[in-house]
Amino acid sequence: MGLPNTFEDLSSEMEVDAFRRLFPLRYFERHLAESIRPDGRPLGKARETSIFLGAVSTAHGSALVKIGSTTMLAAVKMEVMSPSLESPDEGCLAVDFFMPPICSPIVRPGRPAEASPVVSKQLSDTISSSKMIDLKELSLVSGKAAWMTYLDIYCLDADGSLYDAALLSAVAALSHLQIPAVAMNDDGKIVLVSDEDGQKRAQEPVNKEKRKLTLRSIPFSLTCILHKNYILADPTAEEESIVETHLTIVLDTSGQLISLYKPGGQVLAYTSAIQDCVALTRQRVKELKSLLDKENSAMEV
């Protein structure tokens, strides 16, 4: 007796799916007219977010972050280097963002994704402009030794808001970072000290024990898409493909604007649209700070 209804439901689902594929903008606008997204979210609500610290046991700091289906893995590795003559009292931070073919069907094997260098540059600029890290803290011996810090971020699933997830994973990994203990050996070189080496390994301790990196400012971001009079926070890849106007706002935890990034799209005629996006970002920053603080507190227990 239930078969006819089952066939009707299946037919209806197929029709909806066909309409969604053939007329994505019309499908999208029908939802907007009712102030709801195709995935059921309100317009200004971000997707469920999770942070897992210490995801890579071989890294000095790491984090696995998920925003909806978008997934990022960030890992920090540190090596002793000779500082530059221009900055003898500073270490270095190198940021790289990778999109392997596993993350999206639009990324082809053997070809670097177009977004990779763009996101890498954005991340480097944000970390620098926010003054998140004092590079002097990465110095070991003035003019002789400093830390070369590699921050690598891998996109495991690209379903929209890549920069937001990448920045969150970078911040989380740096907050989890334990700067290794180092000492000077018999040859006068700075070497890493392993936990198993015991007291015998060094003549002169330089960094007696592992320590956390001080984060002077913590930036978070929110990407919004703007369509007609609608503002949608944290878009999925499908939503990003339909709407041309994207706006990414980066604020620190004090609410100070770090950067505003708008890659193409229509000219924003109303400053109120930017103000509304900033207000959404402020709320999102509070949510992310609370989530990260909770994860860091759990790691200390």
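**Notes on the predicted model**

1. Helix α3 lies across β12, β14 (245-252) and β15, running at about 160 degrees to β15. Contact here means heavy atoms within 4.5 Å, and axes are lines fitted to C-alpha atoms, for helices over the stretch in contact, with angles that run from 0 to 180 degrees between N-to-C directions. Helices (H or I, at least four residues) and strands (E, at least two) are DSSP runs numbered from the N terminus. Helix α6 (residues 271-300) lies across β12, β13, β14 and β15, and runs at about 140 degrees to β12.

2. On provenance, this is a predicted model, in which local features need pLDDT of at least 70 and side-chain atom pairs count only at pLDDT 80 or more, whereas totals for chains, interfaces and linings use all residues. Residues are numbered from 1 along each chain as its sequence is written, and side-chain values use heavy atoms, with hydrogens and water left out.

3. The sheet itself is open and has 4 strands in the order β13-β12-β14-β15, with antiparallel pairing; two strands pair if DSSP finds at least two bridges between them. Its edge strands are β13 and β15 (257-261), each of which pairs on one side only, and the twist averages 25 degrees from one strand to the next. Between β12 and β13 the antiparallel pairing extends over 4 bridges, and Ile225 stands opposite Leu232 in β13.

4. The count of salt bridges comes to 11, where a salt bridge is a side-chain nitrogen of Lys or Arg within 4 Å of a carboxyl oxygen of Asp or Glu. In one of them, Glu29 pairs with Lys228, the closest N and O atoms being 3.1 Å apart. Because Glu29 lies in helix α2 (residues 24-32) and Lys228 in the loop between β12 (219-227) and β13 (230-233), the pair ties together parts that are 199 residues apart in sequence. Glu29 is partly exposed at 24% relative accessible area, while Lys228 is exposed at 64%; buried means under 20%, exposed over 50% and partly exposed in between, with a 1.4 Å probe and protein chains only.

5. Asp159 and Arg47 also meet in a salt bridge (3.6 Å, N to O). Asp159 lies in the loop between β6 and α4 (162-176) and Arg47 in the loop between α2 and β1 (49-53), so this pair ties together parts 112 residues apart in sequence. Arg47 counts as buried at 7% relative accessibility, whereas Asp159 is partly exposed at 21%. Both belong to a network of salt bridges that links Arg37, Asp39, Arg41, Arg47, Asp159, Asp234 and Glu239.

6. Which cysteine sulfur is closest to that of Cys103? It is the sulfur of Cys155, at 4.1 Å, which is too far for a bond. The structure holds 0 disulfides, a disulfide being a pair of cysteine sulfur atoms within 2.5 Å. Cys103 is buried at 4% relative accessible area, and Cys155 is buried at 0%.

7. A search of the whole structure finds 1 aromatic pair. The ring centres of Phe98 and Tyr154 are 4.9 Å apart and their planes are at 20 degrees, so the pair is stacked; rings of Phe, Tyr and Trp (its six-membered ring) pair if their centres lie within 6.5 Å, and planes under 30 degrees apart count as stacked, over 60 as edge-to-face and the rest as tilted. Phe98 belongs to strand β4 (residues 92-98) and Tyr154 to strand β6 (residues 145-157), so that distant parts of the chain, 56 residues apart, are linked.
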